[in-house]
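Student: I have the model open. Could you show me how to read its features, one at a time?

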Amino acid sequence: MKTPELSAYHELEALLPAYVEHCLPAAEADRVAAHLPTCPACQLQVTQLRALTNDLDAALPEVPRTALRANFMAMLEEQKALLPTAVPSAPAPAQPEAKVVSMWPTAVANNWMRIAASIMLIAAGVFLGRQLPWGGRSTDGVATTSEADKNTPYALAQALTGDNGRTVSASDRIRLVTNSPKESEPGDPTVQVLLNTLNFDPNPNVRLAACEALYRLRDDPRVREGLANSLPIQTDPNVQIALIDMVVSMRVRRAVPQLERLAKRPDALPVVRAQAEAGIGKLI
Amino acid sequence: MTTTSTSDEALMAAVRADDLDQLVPLFERYHGPLFNYLTRLTNDRETSEDLTQTVFERILKYRSSYQPTQPFKAWVYQMARNVHADYWQRREKLRAADVDVEEVERTGGLRGAAVSQMRVSTCADDLHEALAMLPAPQREILVLNRFQGFGYEEIGQLLGCTAEAARVKAHRALQALRKIYFAT
């Protein structure tokens with residue numbers, strides 16, 4: 001036999017999901033709120049529903065392999081080939097302004113080719129960077145500050161950010177970063193200066209140079225941490241790929257969550273997402 | 001990016017007029033969500049990749065049936081539901097057919113499926129396992145509501161019921177999931 005309490009419980013139980021979602025009409029919400037303190041079973045349900053809702057909201061989406069894109073592009077090319085040769089140029093009902101051209105012919109759509117091309121690009125940049133004459137330190141003029149030696153972290157930071165009132169060109173900033181100390185003492189502020197440059201310098205080439213300089217100082221624990229933290233900040237694909245390569249080669253396991261997020265970022269280039277995915281595979 | 005500003009419907013109208021390149025931005029916008037939707041329904045990533053591909057094949061095949069006045073999202077999800085239903089029927093038929101299960105298992109057909117199933121459940125957390133245990137219609141409604149960002153109005157349109165009925169169904173599904181998820 002149902003007691004009034006029991007029937008109230010059953011009636012209100014059906015309202016609990018809506019109560020947790022805050023979409024009950026005020027009168028019903030008040031009834032549930034009044035009932036809850038007297039009913040441990042409903043309290044437990046509300047707690048569980050809230051936890052479940054949070055877990056559902058926090059669930060990461062499943063991400064397809066990049067092969068799906070390659071297969072799609074191949075299918076699209078096939079279908080385009082089947083079209084009558086004279087593609088009607090008559091405007092569509094609402095003509096989009098974009099003409100999307102496949103960046104990679106699907107016949108040779110090969111992710112590895114794309115990844116390799118990116119790595120080659122970065123490697124070429126690094127190689128060129130090393131070949132250029134950096135000499136003439138004393139005549140440099142940019143990093144020279146009257147009050148401090150240019151290699152001190154303070155002077156380096158000042159010169160890089162233009163705090164001393166001078167505007168420093170990107171190429172000079174690259175030079176400063178490249179000439180930064182090759183080894184660091186524990187707690188050396190150079191690491192922090194370089195991390196700041198990596199995260200906040202407006203020029204991607206300067207950020208790439210900061211990557212390189214930090215790699216030389218990789219024995220410092222702050223470098224590992226800083227590189228992982230920098231992954232979500234970077235938007236330039238070259239810097240993103242350089243960072244991914246670095247955290248993978250330095251086996252920075254804590255970078256896995258950042259890589260996972262990067263692999264799912266809709267604004268990241270496919271090649272970057274593929275590289276992040278490959279990096280996760282190597283790290284876990 | 002220039003393509004992001006163009007509406008789904010305008011892009012699809014162009015695809016319909018045989019400008020097939022306009023399907024690329026639509027693919028970029030929808031392949032992730034559709035794959036996610038199908039993976040939650042099938043609990044099998046490999047199958048879901050195939051099914052996602054099939055959805056885009058069907059978009060091209062049936063492009064002339066698209067009415068530019070109808071929301072592309074609803075149209076494409078309806079197509080994804082049909083693709084999933086066809087897959088389900090095929091599977092059931094295969095099961096009903098006179099197939100020597102042991103023979104299939106020995107040759108690896110089912111084992112491959114079992115392994116790919118397992119990969120999802122070992123990678124996924126308890127939540128996904130609990131979701132997989134829900135009856136398919138309840139799972140679908142939760143996936144649409146919680147993972148695909150569908151409102152009750154949109155779910156109602158997709159499932160052919162009112163928004164209010166969709167809301168009640170979603171709440172029942174949430175309660176059912178809670179019972180599985182917190183069962184000890």
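Student: What covers the buried residues of H1(B)?

Tutor: First the terms. Helices (H or I, at least four residues) and strands (E, at least two) are DSSP runs, numbered from the N terminus. Buried means under 20% relative accessible area, exposed over 50%, partly exposed in between, with a 1.4 Å probe and protein chains only. Contact means heavy atoms within 4.5 Å. Now the case: the cover of the buried residues of H1(B) includes helix H2 (23-42), helix H3 (45-61) and helix H4 (72-96) of chain B.

Student: How many residues of helix H1 of chain B are buried?

Tutor: Seven of nine; the helix spans residues 8-16 and is mostly covered. The buried ones are Asp8(B), Ala10(B), Leu11(B), Met12(B), Ala13(B), Ala14(B) and Val15(B). Just after H1(B), Asp18(B) has a positive phi of about 70°.

Student: What should I know about the model and its numbering?

Tutor: It is a predicted model: local features need pLDDT of at least 70, side-chain atom pairs count only at pLDDT 80 or more, and totals for chains, interfaces and linings use all residues. Residues are numbered from 1 along each chain as its sequence is written, chains are lettered from A and ligands numbered from 1 in the order in which they are written, and side-chain values use heavy atoms, with hydrogens and water left out.

Student: Which elements make up chain B?

Tutor: Chain B has ten helices and zero strands. Of its 184 residues, 47% are buried. Among its contacts with a separation of 6 or more, 64% join residues 24 or more positions apart.

Student: How much area do chain A and chain B bury between them?

Tutor: Buried area is the accessible area (1.4 Å probe) that two parts lose on being put together, summed over both. Here it is about 4200 Å², 62% of it on carbon and sulfur atoms. The contact takes 43 residues from chain A and 47 residues from chain B.

Student: How many salt bridges does the rule find across the interface of chain A and chain B?

Tutor: A salt bridge is a side-chain nitrogen of Lys or Arg within 4 Å of a carboxyl oxygen of Asp or Glu. The rule finds six across this interface. Arg65(A) and Glu49(B) meet in a salt bridge through their side chains, at 2.6 Å, N to O. On the side of chain A that touches chain B, helix H2 (16-20), helix H4 (40-58) and helix H5 (67-82) of chain A each supply at least two residues.
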